[in-house]
Every structure is written in C-alpha cells, then in structure tokens.
Amino acid sequence: MWNLEHDWYSPKSLLSTPTHYDFPGDRFIPNRSLMDLDQAQSLLTNRTKKIQNKKFNDVYRQIVDEKLSLDSEGKPFKMLVFRGSPKSSRKSIRYIDEMREEEAASLQNKSNQHHSSRRLPKGESRILDAPNIRNDYYANIMDWGKNNILAVALGSNMYLWNSDNSNVTKLFNASGNDFPTSVSWSEDTKYLAIGFKSSKLELWDAESSKPIRILEGHGERIATIAWNGHILTSGSHDKYIINHDVRARTNVMSRVKAHRAEVCGLKWSRGNMLASGGNENHIYVWELAKMSSSNFLHCFKDHCAAVKALAWCPYDSGVLASGGGTEDRCIKLWNVKHGTCICSIDTKAQVCGLEWNRHHKEVLSGHGFSTSAHHNQLCLWRYPSMTKVGALERHTSRVLDLCQSPDGLTVVSAGADETLRFWNVFGPPVSNNYETDLDNLLSLKVSPIR
C-alpha cells in the first residue's frame with residue numbers, strides 16, 4: 001500500500017504553510033488554475049489499489065511516488081486548492097492593474113492622434129451658382145432632405161437640386177411681389193413645406209411636385225419652419241409660433257406668443273423639445289405637451305443680438321447650441337435640463353448657421369458681418385472644449401445659411417456672393433477600431449473573484 005499522509009489536505013495543513021500569497025482565495029470556489037487534473041485523476045483512481053511490477057525495485061517506486069504525490073516545493077500535492085496562487089507561480093494582481101493603466105494610456109494616445117489627424121478640407125468639393133439669392137439674415141432658404149434633394153429659394157423661385165444625378169428642377173416662380181422666406185423637408189421627405197413673405201405656408205407633395213395644401217394662421221412673413229413628425233411648426237414676423245397638424249382638417253394645434261420680435265429660428269430636438277430664437281435676442285425652450293398652455297420651459301436672455309442659428313447636440317440630448325447676430329457674435333452652449341449656460345465663445349463675427357457633426361464631436365458655424373478679419377468664414381469647433389480646429393475662407397460675402405447631407409458627411413453653405421459651396425468637412429466616420437479598443441479596456445476593468 002502507498003504510505004500517504006492523511007492530513008496533508010486538511011485545513012490544519014493549509015494554515016501551517018509558510019508560503020506567502022498575493023490575495024486570499026475563496027473558501028467555496030476552488031482556484032482551478034492551480035489544479036493538475038490529470039494528476040488528480042491518477043490519484044483518485046489509484047489510491048486504494050497499487051499496481052506492482054516486478055521489473056522495478058523499491059528505490060524506483062519511491063522516486064515515482066514522490067513525483068506523483070509531491071509538488072515542485074516538495075509538499076504533498078493538493079487536488080483542490082482554496083486559496084490564491086503563490087508569488088512564485090502566478091502573476092500578481094498588481095500586474096493586472098499595470099496592464100489596465102497601459103491600455104488606458106494607449107487608448108488616450110489613440111484618441112489624441114484621432115483628434116490631431118482631423119483636418120479641414122483645402123477647398124470646396126463643388127460650387128453651384130445661386131443667382132438672385134436674397135441677402136437676408138433672418139430667412140432660412142435652404143434644406144437638404146433625406147431623399148438627397150437640396151431645396152433652395154433663389155429670389156422668387158424655388159429650385160430642387162438632386163445630389164445623386166445633379167439634376168436641377170424649378171419647382172415654381174412666386175407671383176407678384178411674393179417670394180419664399182423659409183423651406184423645410186418633412187422627416188420622411190414626402191412633403192416640402194415653404195413659407196412666404198405674404199404669410200402663406202404651403203405644403204408640396206414631393207412625388208408629384210405640386211402644392212397640396214395651404215396652412216393658415218400667420219399674418220406676416222414666415223421666416224422659419226421646422227418639422228416634428230406630422231407636426232409642422234412655423235415662426236413669423238408677427239411674433240407667433242404655430243404648431244400645425246398636417247393630417248387634420250383644422251391644422252392649428254397651438255398658437256403661442258412669447259417673443260417680442262420676429263421669430264427667426266426654430267429647431268426640434270429628438271425629445272419633443274422646441275427651441276425658438278427671436279430678433280429680441282431671446283431663446284425660448286418649449287415642451288410639446290405644454291405649448292398649448294403657452295408655458296415655456298426656459299427663457300435664455302444672454303445673447304446681445306438676434307438668434308437665428310440653433311442646433312441640438314446629437315450626442316448630448318440636453319445640450320443646445322445657439323449663435324447671435326452682429327452685435328453679439330457668440331456661440332453659446334446651453335444645458336436645457338438645468339437651464340444654465342455651459343459656455344460662451346466669442347467668434348468675432350455674426351453667427352448665421354450652426355451644424356453638428358454626427359460622426360465626430362464637432363460643430364460647424366457659418367459667419368457673416370464682422371468688425372475684424374473673421375467675416376464670411378466657416379469655422380469648425382471641437383466639442384465639448386470648443387477649441388477652434390480651423391476656418392474656411394472662400395465666400396466673398398457673408399454666409400446666409402448652412403445645412404448638411406443625409407449621410408452627415410457634407411455641408412453646404414449659401415452665401416450672399418450668390419454661390420452654394422459644398423464642403424466634405426464632417427467625414428469620414430470614426431472606424432470601429434476605436435470602439436473595439438474601448439470595449440477591450442472596459443473588459444479589463446471587470447473585477448476578478450477574490
């Protein structure tokens with residue numbers, strides 16, 4: 001029979017070991033990485049029955065017995081070990097922490113390289129003539145729909161430019177002294193809404209290119225319109241904001257008057273909040289459900305000039321960007337959840353348009369009049385630091401409006417120099433490698449069972 005000690009696997013033996021460990025093991029969950037399952041199987045199956053072979057003497061059998069039953073330190077082998085590993089046989093937990101720090105530093109370096117590699121294009125990717133475009137800061141005369149068709153008002157005419165095949169279609173020529181002052185595609189691009197100087201608001205069918213409805217309610221020119229599903233919101237020189245339900249026979253859902261001057265900017269968020277900017281320098285933030293009672297959520301009065309440029313952040317739903325006119329020249333970021341101003345950047349020029357980059361954390365601004373050399377520019381800002389990446393200076397007169405393509409890679413600027421300039425300023429999208437690296441780093445942060 002084998003001469004096995006019966007207490008080598010006992011708790012008393014575990015407590016008497018002089019070996020030092022980096023961390024304690026769990027009493028109930030064995031550390032399987034310390035097991036030699038083949039050796040354990042051998043001991044389990046051969047403990048009670050010893051196979052004798054007359055060819056081997058006792059000295060050889062003793063050597064084999066020691067090899068099978070003793071570990072590398074000469075101690076009895078233990079099939080299940082309920083403690084952490086010795087320093088001599090397992091990397092310490094400090095090494096795992098070092099790995100995490102190295103991974104975090106590597107990820108930060110990649111992030112810095114990614115930001116530093118972002119460059120503005122040297123020039124436009126395309127220039128289109130825009131004869132008779134009205135040099136009007138308060139109008140919103142351009143919109144790029146998800147059908148990849150750009151609608152733009154040039155004087156009394158409304159044109160459609162197809163980005164896929166570059167075909168140009170003249171939609172209509174307004175009669176008399178009337179002309180379009182605002183335009184916006186519905187989210188599904190089935191309809192094109194057009195506001196006029198005469199206070200008329202028309203709904204056009206995109207497929208047939210024909211007007212299908214006139215929405216009543218305003219008494220003066222409609223400077224801005226914005227869609228939220230089946231709701232079309234319009235802002236006018238008459239200081240009213242009207243929500244129209246385009247499905248209903250009686251189109252007016254709500255009619256509110258909070259601004260003390262022309263409403264020249266409207267933007268819906270994805271969370272049913274509306275931002276409105278006015279010529280009295282104020283911004284109002286509304287919740288759709290409470291607009292019928294004329295109750296607004298916030299009123300921001302920090303700008304010193306008219307607020308036309310408004311844009312909701314696509315990655316921080318509670319952040320609104322706004323831009324002021326010639327006497328203000330500032331881009332401000334607002335936290336609409338708390339009703340506070342996050343930051344204010346003096347751009348040195350009239351802010352005529354704002355567009356967020358959906359692929360990188362940036363915002364593009366279009367500028368007009370300035371008392372310095374910063375006029376007629378497009379400027380790219382890094383978010384949330386709002387540090388300036390660079391400027392594009394190709395327009396010879398002020399920028400009137402901005403909008404971006406459905407894929408979010410191209411921005412078009414309408415200028416008083418009677419040009420539409422297309423810029424590949426927002427692409428390309430971030431690769432999946434950056435997100436994969438982040439996921440790997442997060443996986444290292446999962447605490448092991450100790």
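Student: Which residues make the nonpolar surface patch of about 250 Å²?

Tutor: This is a predicted model, and the values are computed from it. A residue needs over 30% relative accessible area and no salt bridge to belong to a patch. The patch of about 250 Å² is nonpolar, and its members are F56, Y60 and V64.

Student: Is V64 buried, partly exposed or exposed?

Tutor: V64 belongs to helix α3, which covers residues 58–69. Buried means under 20% relative accessible area and exposed means over 50%. V64 has a relative accessibility of 30%, so this residue counts as partly exposed.

Student: Which residues lie nearest the centre of the largest pocket?

Tutor: The largest pocket holds about 1400 Å³ of space, and its lining has 43 residues. Strands that give two or more residues to this lining include β2 (142–144), β14 (263–268), β22 (351–357) and β26 (399–404). Nearest the centre lie D143, K267, W268, E355 and Q404.

Student: What is the volume of the largest cavity?

Tutor: There are four cavities of 30 Å³ or more. The lining of the largest cavity consists of L160, L171, W185, L192, W204, D205, A206 and S209. Six of these lining residues are nonpolar, one is polar and one is charged. The volume of the largest cavity is about 40 Å³.

Student: Which residue is joined to P384 by a cis peptide bond?

Tutor: P384 is placed in the loop between β24 (378–382) and β25 (387–392). The cis bond has an omega of about 10 degrees, and the residue it joins to P384 is Y383.

Student: Where is P428 found?

Tutor: P428 is joined to G427 by a cis peptide bond, with omega about -10 degrees. The location of P428 is the loop between β28 (419–423) and α5 (432–444).

Student: Is M386 buried or exposed?

Tutor: M386 is in the loop between β24 and β25. Although M386 is not a glycine, its phi is positive, at about 60 degrees. Its relative accessible area is 4%, and under 20% means buried, so M386 is buried.

Student: Is N132 buried or exposed?

Tutor: N132 sits in the loop between β1 (126–129) and β2, and its phi is positive, near 70 degrees. Its relative accessibility is 53%, so N132 counts as exposed.

Note on methods:
Residues numbered from 1 in each chain as written. Predicted model: local features only at pLDDT ≥ 70, side-chain atom pairs only at ≥ 80, totals over all residues. Heavy atoms only, no water. Patch = residues over 30% accessible without salt bridge, like charges linked within 9 Å, V, L, I, M, F, W, Y side chains within 5 Å. Areas by Shrake-Rupley, 256 points an atom, 1.4 Å probe, with all protein chains shown as cover. Salt bridge = Lys/Arg side-chain N within 4 Å of Asp/Glu carboxyl O. Helix = DSSP H or I, 4+ residues; strand = E, 2+ residues; numbered from the N terminus. Buried < 20%, exposed > 50% of the residue type's maximum accessible area, 1.4 Å probe, protein only. 1 Å grid on protein atoms, 1.4 Å probe; cavity = no way out; pocket = protein on both sides within 12 Å on 5 of 7 lines; lining within 4 Å. Points joined across faces, edges and corners; volume = space filled by probe spheres on them. Nonpolar A, V, L, I, M, F, W, Y, C, P; charged D, E, K, R; others polar.
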